[in-house]
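Hi,

Here's the structure I said I'd pass along.

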Amino acid sequence: MWRIDVRKELSKPGKHPGGVIAAAYTGRLATDPIPALRLPDEQLDPEAAYRFIHDELMLDGSSRLNLATFVTTWMDPQAEKLMAETFDKNMIDKDEYPATASIEERCVNMVADLFHAPGLDPEDSKSATGVSTIGSSEAVMLAGLALKWRWREGRSDTSRPNLVLGSNVQVVWEKFCRYFDVEPKYLPVEPGRYVITPEQVRDAVDDNTIGVVAILGTTFTGELEPVAEICAMLDSVAASGGPDVPVHVDAASGGFVVPFLHPHLEWDFRLPRVKSINASGHKYGLTYPGIGFAVWRTREDLPEDLVFRVNYLGGDMPTFTLNFSRPGNQVIGQYYNFLRLGRSGYSDIMHALRDTAVRVAGHLSEHPAFHVITDGSAIPVVAFELAGDREYTVFDISHELRARGWQVPAYTMPDDATGVAVLRIVVREGFSADLGRLLCGAITEVIDQLDASAAGGGHSSATHFAH
């Protein structure tokens, strides 16, 4: 019978000196299945638990090659270290973690100053009105609530509030309207125009409108809606005796880009009609998820009734959030970026990302298969569609790129333009010019392959191709 002398084997070079075969967790996992939907009966060795989860996560795609997401996928190692050191600090415990609370206030002041909020005092952290949030989703909810509360002040009939916004808004606005009983008045887009217009806004507002939402960097194409023109139109409406409607700017994607790429563009609190702004620190604020900000023009634009003053763990704590406990490490990571980069650093990064996006868009525009919708010059986002009649779709292209490791989303446009299907590339820090060159090469390769299959009478679906 064939046998192995274990002692002899373990005495050979490279064998584990502890008297057991190395990689024991593999044998354990193979012989002791772990339930997926129930707590295991027994404990796991920490290394085995780590390996079990770590190995499964290898099935996720590479975050660096995920061009679908706006969310930051790379930070300095020093930022990661600071964030790891502050996972355990609860942001809500202001008295127990006064340094973290102070840093949050500084971040809010920096964001308010970046957006030109009036009346800020560089010596007074209380002069800015705003909060840090889990992300723009929470910030949107808070800003929407402030609009509704401000609208209903002094009104006898508050039963029919509405919000004017484009059909191109992020789904969180639909959630806000549904959760807080506000009628959404969606302004349609159309093929070739994927932002709202001042004329649409003028025709939609009425006495029950709590506000108008304008987007600085739409999710679908990365375009900037004409905030100044919308405000001017609303100024005209109010001057002629119509409703005096405030504007909220959803700057989730563009809030940390436009101030550095287009500093003279007026979209923020330089426009008196803009009362609140949300921005995502975990997008182009360059911080890992989740961190966002909601800021108001002045203290009067945030109704006092929405601010809770809680006696918690020994201190009077004013709060305006939808949640309670959350880790402080995201705020710490954001503060690191603000200190580390400053205005010049953010400007350098945004210009570099825009240059890469514009080069990718230039390559795509020269290809006969594509029509570029946005070229990455507004914010570093490129949206493009297929040109002409072809035997395949953008969904086939997306599928083939995923097979090569690239995650490039394909989707249809909002209502009234659903016949238009596009691909979108979000250029983030960590997506270098060289990666952009490789992506362009992969796209060209995919198109050549799909064209060859179509010419040969092959199946048009990308699933036809094997790799």
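The structure has two cavities of 30 Å³ or more. A cavity here is a set of points on a 1 Å grid over the protein atoms alone where a 1.4 Å probe fits but cannot get out; a pocket is an open set with protein on both sides within 12 Å along at least five of seven lines, and lining residues have an atom within 4 Å of a point. Volumes are the space filled by probe spheres set on the points, with grid points joined across faces, edges and corners.

Bear in mind that this is a predicted model: local features need pLDDT of at least 70, side-chain atom pairs count only at pLDDT 80 or more, and totals for chains, interfaces and linings use all residues. Residues are numbered from 1 along each chain as its sequence is written, and side-chain values use heavy atoms, leaving out hydrogens and water.

The largest cavity holds about 40 Å³, and its lining includes Phe-70, Lys-283 and Arg-428.

The largest pocket comes to about 790 Å³. It has 32 lining residues, with Glu-105, Lys-126, Gly-130, Pro-318 and Thr-319 closest to its centre. H5 gives the largest share of that lining, six residues (helices, H or I, at least four residues, and strands, E, at least two, are DSSP runs numbered from the N terminus).

The second largest pocket has about 330 Å³. Of its 21 lining residues, Arg-150, Ile-210, Asp-244, Val-245 and Pro-246 sit nearest the centre, and H6 supplies the largest share, five residues.

Cheers
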